[in-house]
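Please examine the chain below together with its fold. The paragraphs that follow lead through its loops, its metal site, its strand pairing and its overall dimensions.

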Amino acid sequence: MQTSLTGYIIDLMEELKSFIRNSKFTTAFTGAGVSTLSGIRDFRGKNGLYNDEDADKIFDLNYFMRDPSFYYKRSKNFIYNIEEKEPSAVHNMLAELESDGNLEAVITQNIDILHQKAGSKNVIEVHGTPMHHHCLKCKKHYSYEFVAAIVQQDEIPKCDDCGGIVKPDITFFGEQLPAGALKKAFELAERSELMLVLGSSLTVQPAASIPAAVIRAGGKIVIVNNMPTPLDEYAWKLFPDLKQFSEELL
Ligand SMILES: [Zn+2]
């Protein structure tokens, strides 16, 4: 029997790895902590985006309709610079689990498309996504790449058919979360024998109720976060360090 703390963690990891290999349906749920490992600022943390002056206006729908340039200028080096960003150990670990056939889907609260960059194929973005943009007037679709090229030249995208405002499909304050993505997320949760809950404080609703749906349906959750969460007491296993967890899981 292992007695040291390291030995104890190794035993826990071995048990978890064996469970994942035998599980017929494993999913992951990721939050801001996964992205901060990639050097991306979170929203509400100590150095979070929302500490900046006026930051609450970036994703405010009413403000965006009046002045879309504010959002595009502020998110130029935050959302429209995917080329410069590198997936973290967590993103890579999840992409590898999926390609090995050991992970069904990643459900994410993040809007930085780093799971896709790491190679994850089945990504459910419950707070919307900048992968797609739409004209608010005529609904014409614009891709991330198209818009990013414009924003990187310090210009503001406009609909080339009708001149309307082009908005990312990110869920802004004042909008409902995407119903289709949310429905899919709950369906996946209810089928999960195991859900890895990574880097989320589980405080933003209704997204945080997705891991709770796993528990209700009889599945297990593993929580990896550097702060306590409201679901800790229901977790099968708890780990504090995301980076270490991801490196040791592979
Ligand atoms: Zn238009």
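Asp-154 is placed in the loop between H7 and E6; helices (H or I, at least four residues) and strands (E, at least two) are DSSP runs, numbered from the N terminus. The phi of Asp-154 is near 60°, a positive value in a residue other than glycine. With 58% relative accessibility, Asp-154 counts as exposed, where exposed means over 50% relative accessible area, buried under 20% and partly exposed in between (1.4 Å probe, protein chains only). The model is a predicted one, in which local features need pLDDT of at least 70 and side-chain atom pairs count only at pLDDT 80 or more, while totals for chains, interfaces and linings use all residues. Residues are numbered from 1 along each chain as its sequence is written, and side-chain values use heavy atoms, with hydrogens and water left out.

The loop between E7 and H9 holds Leu-202, which is not a glycine but has a positive phi of about 55°. Leu-202 is buried, with a relative accessible area of 4%. Pro-206 lies in the loop between strand E7 (194-198) and helix H9 (209-216). The peptide bond that joins Gln-205 and Pro-206 is cis, with omega about 5°.

Which residues supply the protein donors of the zinc ion? They are Cys-135, Cys-138, Cys-159 and Cys-162, each through SG, and they lie 2.2 to 2.4 Å from the ion. Donors are here N, O and S atoms within 2.8 Å of the metal (3.2 Å for Na, K and Ca); water is not among the atoms, so sites may look incomplete. The angles among the 4 donor atoms are 95 to 116°, and the site is tetrahedral. Four donors count as tetrahedral if all angles lie between 85 and 135 degrees. Along the sequence, the donor residues follow the spacing C-x2-C-x20-C-x2-C. Cys-138 lies in the loop between strand E4 (128-135) and strand E5 (141-143), and Cys-159 in the loop between helix H7 (144-151) and strand E6 (166-170), so this pair ties together parts that are 21 residues apart in sequence. Cys-138 is partly exposed, at a relative accessible area of 37%, whereas Cys-159 counts as buried at 4% relative accessibility.

Strand E4 also takes part in pairing, for which DSSP must find at least two bridges between two strands. E4 and E6 run antiparallel and are joined by 5 bridges; E4 and E5 likewise run antiparallel, joined by 3 bridges. His-134 stands opposite Lys-167 in E6 and opposite His-141 in E5. E4 and E5 form a hairpin with 5 residues between them, and in its turn Lys-139 has a positive phi of about 70°.

A further set of strands pairs in the parallel sense. Strand E1 (residues 26-30) pairs with E2 in this way over 4 bridges, and Thr-27 stands opposite Ala-105 in E2. E2 also pairs in the parallel sense with strand E3 (residues 123-125), over 3 bridges; the bridge partner of Thr-108 in E3 is Glu-125. In a regular strand the side chains alternate between the two faces of the sheet. From strand E2 (residues 105-108), Ala-105 and Ile-107 point one way and Val-106 and Thr-108 the other way, and all are buried.

Helix H5 (residues 89-99) has as its buried residues Val-90, His-91, Met-93, Leu-94, Ala-95, Leu-97 and Glu-98. After H5 comes Gly-101, with a positive phi near 85°.

The chain as a whole contains 10 helices and 9 strands. Its radius of gyration is 19 Å, close to the 18 Å that the globule rule gives for 250 residues, so the chain is as compact as a globular protein of that length. The radius is taken over C-alpha atoms, and the rule is 2.2 Å times the number of residues to the power 0.38. Along the principal axes, the C-alpha atoms fill a box of roughly 70 × 35 × 30 Å. Of the 250 residues, 49% count as buried. Among contacts (heavy atoms within 4.5 Å) between residues at least 6 apart in sequence, 65% join residues at least 24 apart. The chain exposes about 12,500 Å², of which carbon and sulfur atoms supply 50%; accessible areas come from the Shrake-Rupley method with a 1.4 Å probe, and for residues only the protein chains shown count as cover.

Notes. Tetrahedral: all angles 85-135°; square planar, octahedral: opposite > 155°, others 65-115°.
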